[in-house]
Amino acid sequence: MANPSLYTCAGSRGLRATWAAEEAGTDIDLKLLPFPPRFKAPEYLQVNPLGTVPMLIEGDAEMTESCAIAHYLATKGNVEDLVVTSGEEDYPAYLDFTYHADATITFPQTVFMRFSLFEKEKGWGEAGEAYAKWFWKRLVKLEQRLETREFLCEDRFTVADICCGYALILAGRVGVDEGIPQSLKDYRERLVSRDGYKRAVARESAGPVAI
Ligand SMILES: N[C@@H](CCC(=O)N[C@@H](CS)C(=O)NCC(=O)O)C(=O)O
């Protein structure tokens, strides 16, 4: 069977997927698009009517959620312990943090980005700042979990770290770092120092940048 195709924009939430593939040693065909693809590569709407990235296609399978794609690609490689399975103690926490990453943490960040960066000429800057504050408040769960741990689950690096870690990485890139506790900045440092992360960034840097 052909490699899965991953459509993404460099630095976007698709980095979760590229990173998971690199950590797992999963072969993918990386298809880099300019951001935002709905305007700069409108033909992409034929592939994904949502216009969002990332999107993974493998045979008849189509996926458009970055955290689900990261989990999927992590299970297709040659590294066994990147996901937590149902027999393990931290399985509920693994699922929870993997979903938490986009639904609860990245969501207010993206509203900040829209209001304060992409469409600031509309006068929405103040609302954007409020979303940045909301994002910082929502980091409390990660902060408490990592008080006694190096990684989120099972004392090892997993896709839950990739998914939540990406939100912290994005925060640094878009200028909402000031409300991030030092312990989470240290955690982020541990994540970005991984070879798998560096390889993923290098691979994506061959294409257009998302933010
Ligand atoms: N929940 C989805 C969100 C996907 C999403 O909104 N991606 C952004 C980029 S990070 C996007 O494609 N924005 C451009 C647009 O909506 O036109 C995920 O985690 O993959």
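Student: Where is Arg156 found?
Tutor: In this predicted model, Arg156 lies in the loop between helix H7 (140-145) and helix H8 (159-174).

Student: Is Arg156 exposed, or partly exposed?
Tutor: Arg156 is partly exposed, because 13 other C-beta atoms lie within 10 Å, and the partly exposed class falls between the exposed limit of 12 or fewer and the buried limit of 20 or more.

Student: Which residues does Arg156 touch?
Tutor: Leaving aside residues up to four places away in sequence, Arg156 touches Asp81 and Phe151.

Student: How far apart are Arg156 and Asp81 in sequence and in space?
Tutor: They are 75 residues apart in sequence, while the C-alpha to C-alpha separation of Arg156 and Asp81 is 8.1 Å.

Student: Changing topic: how is the chain divided?
Tutor: There are two parts: domain 1 covers 5-80 + 197-204, and domain 2 covers 91-194. The C-alpha centres of domain 1 and domain 2 are 20 Å apart.

Student: How many residues does each domain bring to the contact?
Tutor: Domain 1 contributes 12 residues and domain 2 contributes 13 residues.

Student: Which helices supply the side of domain 1 that touches domain 2?
Tutor: Helix H1 (15-24) and helix H4 (66-74) each provide at least two residues there. H4 gives the most to that side, with 5 residues.

Student: And what is that side of domain 1 like by class?
Tutor: The side of domain 1 that touches domain 2 has 7 nonpolar, 3 polar and 2 charged residues.

Student: Let us stay with H4. How many of its residues are buried?
Tutor: H4 is mostly covered, with 8 of its 9 residues buried. The buried residues are Ser66, Cys67, Ile69, Ala70, His71, Tyr72, Leu73 and Ala74.

Student: What do the buried residues of H4 pack against?
Tutor: They pack against H1, strand E3 (55-58), strand E4 (61-63), H5 and H8.

Student: At what angle do H4 and H5 pack?
Tutor: H4 and helix H5 (residues 91-118) pack at about 145°, and their axes are 9 Å apart.

Student: Which residues make that contact between H4 and H5?
Tutor: From H4 come Ser66, Cys67 and His71, and from H5 come Thr98, Tyr99, Ala101 and Asp102. By class, the contact of H4 with H5 has 3 nonpolar, 3 polar and 1 charged residues.

Student: What surrounds the ligand?
Tutor: The residues around the ligand are Ser12, Arg13, Pro36, Arg38, Gly51, Thr52, Val53, Pro54, Glu65, Ser66, Cys67 and Asp102.

Student: How does the shell around the ligand divide by class?
Tutor: The shell divides into 4 nonpolar, 4 polar and 4 charged residues.

Student: Now the whole chain. How many helices and strands are there?
Tutor: The secondary structure comes to 10 helices and 4 strands. Along the sequence, the pattern is β-α-β-α-α-β-β-α-α-α-α-α-α-α.

Student: Why does the radius of gyration of the chain agree with a compact globule?
Tutor: A compact globule of 211 residues would have a radius of gyration near 17 Å, and the chain has 17 Å, so the two agree. The C-alpha trace spans about 50 × 45 × 25 Å along its principal axes.

Student: What percentage of the residues count as buried?
Tutor: Of the 211 residues of the chain, 43% count as buried.

Student: And which share of the contacts joins residues at least 24 apart?
Tutor: Among contacts between residues at least 6 apart in sequence, 71% join residues at least 24 apart.

Note on methods: Residues are numbered from 1 along each chain as its sequence is written. This is a predicted model: local features need pLDDT of at least 70, side-chain atom pairs count only at pLDDT 80 or more; totals for chains, interfaces and linings use all residues. Domain bounds come from an automatic or database domain assignment. Two residues are in contact if their C-beta atoms, placed from the backbone, lie within 7 Å. Ala, Val, Leu, Ile, Met, Phe, Trp, Tyr, Cys and Pro count as nonpolar, Asp, Glu, Lys and Arg as charged, and the others, Gly among them, as polar. Axes are lines fitted to C-alpha atoms, for helices over the stretch in contact, and angles run from 0 to 180 degrees between N-to-C directions. The radius of gyration is taken over C-alpha atoms; the globule rule is 2.2 Å times the number of residues to the power 0.38. A residue is near a molecule or strand if its C-beta atom, placed from the backbone, lies within 6 Å of it.
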